[in-house]
Amino acid sequence: MKLLVMGMNHRSAPLEVRERLAVDDAVPALQKLVTCEEIDEAVLVSTCNRVEAVVLTRNAEAARLRLLSFFGRELASDAIGRDLLEDHLYVHRDSEATRHVLRVASALDSMVVGEPQILGQTKDAYRTAVECGGSGPILDRLFQRAFATAKRVRTDTRIAEGPTSVSRVAVNLARQIFEDFRGKRALLIGAGEMVELALSALRDEGLDSIVVANRTAERAGALAARFGATAHGLDQLPDLLSDADVVLTSIGGARPLLTPPLLEQALRSRRGRPVFIIDIGVPRNADPAVDRLEEVFRYDIDDLA
């Protein structure tokens with residue numbers, strides 16, 4: 001039996017490539033993968049900075065070719081050439097693959113080294129694989145060892161010191177932009193873990209005026225209530241953008257939410273005041289085309305590196 005890891009991350013591929021392979025629901029793709037005769041066991045890990053398959057196989061080269069096809073046909077949101085994929089995908093085998101899985105779970109391979117979210121995301125990926133029959137006895141042992149290793153790394157080293165999440169780094173960037181948050185207004189789009197972490201970090205920095213916008217008003221309301229913010233639906237974005245100095249967004253969706261027409265509409269009432277957009281969504285929530293607007297300054301997750 002051979003262990004194989006194939007994937008791409010923030011070091012091997014730019015965001016414009018990674019976002020084309022972003023996985024919202026791993027179950028359908030994973031179910032197809034484990035029915036392939038070349039694959040005996042499989043776990044699919046997908047986060048904002050990586051997507052990778054960990055598989056057990058009897059034929060490593062056949063599995064590599066199957067995974068290459070899987071990434072291009074099952075995961076890609078549009079047609080993506082094989083040459084482009086091979087330029088950005090990495091492959092690890094056997095002991096190298098084992099070491100890679102342990103490093104990922106321990107947040108040693110993360111853009112923000114030590115960030116704790118990756119361990120939870122890896123556990124979720126493993127749990128999904130177990131539930132749909134992807135993980136068997138060998139990958140079970142590997143991932144249990146990875147979780148134990150991650151715990152030991154966090155306990156026995158100083159890895160957790162300093163900013164330890166993409167959201168915290170994003171807030172640090174906003175802090176550098178404004179120097180002083182007094183009198184500034186923040187708009188957070190989304191209601192997931194990344195936005196929650198950003199909201200907590202903004203409060204720690206002393207920013208008082210924060211609003212949360214989300215597709216589901218109930219989730220936005222629950223999050224906002226915990227931090228003394230206000231909650232709104234996405235239908236109010238034009239008005240919210242008119243008042244915001246910094247926009248931090250991390251919300252799911254195949255298409256950009258912040259488009260040039262939407263920003264142009266908001267800018268008319270801003271009287272030349274700039275708006276800074278920090279987009280930590282994958283796929284991106286802000287259309288890169290907004291960069292042509294003079295008063296808009298956009299940063300994405302790769303800018304945080």
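Trainee: Why does Tyr-126 count as buried in this predicted model?

Mentor: Its relative accessibility is 13%. Buried means under 20%. So Tyr-126 counts as buried.

Trainee: What makes Phe-143 buried?

Mentor: The relative accessible area of Phe-143 is 1%. The cut-off is under 20%, so Phe-143 is buried.

Trainee: How many aromatic pairs are there?

Mentor: The count comes to seven.

Trainee: Why is the pair of Tyr-126 and Phe-143 called stacked?

Mentor: Take the distance, then the angle. The ring centres are 5.7 Å apart, and a pair needs centres within 6.5 Å. The planes stand at 15°. Under 30 degrees counts as stacked, so this pair is stacked.

Trainee: Which helices hold Tyr-126 and Phe-143?

Mentor: Tyr-126 is in helix α6, residues 117-131. Phe-143 is in helix α7, residues 137-156.

Trainee: What makes the pair of Tyr-126 and Phe-147 edge-to-face?

Mentor: Centre to centre, the rings are 5.8 Å apart, and the limit for a pair is 6.5 Å. The angle between the planes is 70°. Over 60 degrees counts as edge-to-face, so that label applies to Tyr-126 and Phe-147.

Trainee: Which parts does this pair tie together?

Mentor: Helix α6 holds Tyr-126 and helix α7 holds Phe-147, so the pair ties together parts 21 residues apart in sequence. Both residues are buried.

Trainee: What sits over the ring of Phe-147?

Mentor: The charged end of Lys-123, 5.7 Å from the ring centre. The distance limit is within 6 Å.

How values were computed:
Residues are numbered from 1 along each chain as its sequence is written. This is a predicted model: local features need pLDDT of at least 70, side-chain atom pairs count only at pLDDT 80 or more; totals for chains, interfaces and linings use all residues. Side-chain values use heavy atoms; hydrogens and water are left out. Rings of Phe, Tyr and Trp (its six-membered ring) pair if their centres lie within 6.5 Å; planes under 30 degrees apart count as stacked, over 60 as edge-to-face and the rest as tilted. Helices (H or I, at least four residues) and strands (E, at least two) are DSSP runs, numbered from the N terminus. Buried means under 20% relative accessible area, exposed over 50%, partly exposed in between (1.4 Å probe, protein chains only). A charge sits over a ring if NZ of Lys or CZ of Arg is within 6 Å of the ring centre and within 35 degrees of the ring normal.
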